[in-house]
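I opened the notebook to look up the charged side chains and how they pair. The entries below follow the order in which I checked them.

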Amino acid sequence: MKSLILPILAITSVVSTLSLVNPSSASAGTIYNREVNQQERIYKGVQQGTISQSEYKNLEKREARIEAQRRNYLSDGHLSRQEAARLTREQNRVSNAIYRDRHN
C-alpha cells in the first residue's frame, strides 16, 4: 500500500510545485510557501505511516482545491486581501487536519 502512495505523492508534489513557481504578489508567495510546507508535512506523515491512504487522498484533494482557488484568484494578476484571507483560512483548516491525521 505504501509503495502505491509514494509514487503518487512524488508526482503530485512535482506537478503542484511546477504550477506554483510564479506567484505574483507578496501574499501569494507566502501562501505558496505554506502550501509547500504542508505538502512536506503530508509527505512525512505518509513516510512515517501516521497518515493512511484515505487520509492522504482527502488531504491531497483539499490541497488541490486550495491551489485551484489560488490560481483562480491570481488569474487577474492580483490577490486581494479578502482573497488572501480566504486562502489562509482554508490553509489553517487543512493544517489542523494534517496535525490530527498525523497524531491520531
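I began with Glu35, which has 4% relative accessibility and counts as buried. The model is predicted, so I take every value here as computed from it, the cut-off for buried being under 20% relative accessible area.

I then looked for the partner of Glu35. Glu35 forms a salt bridge with Arg70, with 3.8 Å between the closest N and O atoms. The pair links distant parts of the chain: Glu35 sits in helix H2 (residues 26-48) and Arg70 in helix H3 (residues 53-73), 35 residues apart.

Next I turned to helix H3. Which side chain does Arg71 meet in a salt bridge? I found Glu67, at 2.9 Å from N to O. Both residues lie in helix H3, four residues apart, about one turn of the helix.

Glu35, Glu67, Arg70 and Arg71 are linked in a network of salt bridges.

My last stop was helix H4 (residues 81-102), where Glu90 and Arg93 lie three residues apart, about one turn of the helix. Their side chains meet in a salt bridge at 2.6 Å, N to O. I logged Glu90 as partly exposed, with a relative accessible area of 27%. Arg93 also counts as partly exposed, at 44% relative accessibility.

For the tally, I searched the whole structure and noted four salt bridges.

Definitions and conventions. Residues numbered from 1 in each chain as written. Predicted model: local features only at pLDDT ≥ 70, side-chain atom pairs only at ≥ 80, totals over all residues. Heavy atoms only, no water. Helix = DSSP H or I, 4+ residues; strand = E, 2+ residues; numbered from the N terminus. Buried < 20%, exposed > 50% of the residue type's maximum accessible area, 1.4 Å probe, protein only.
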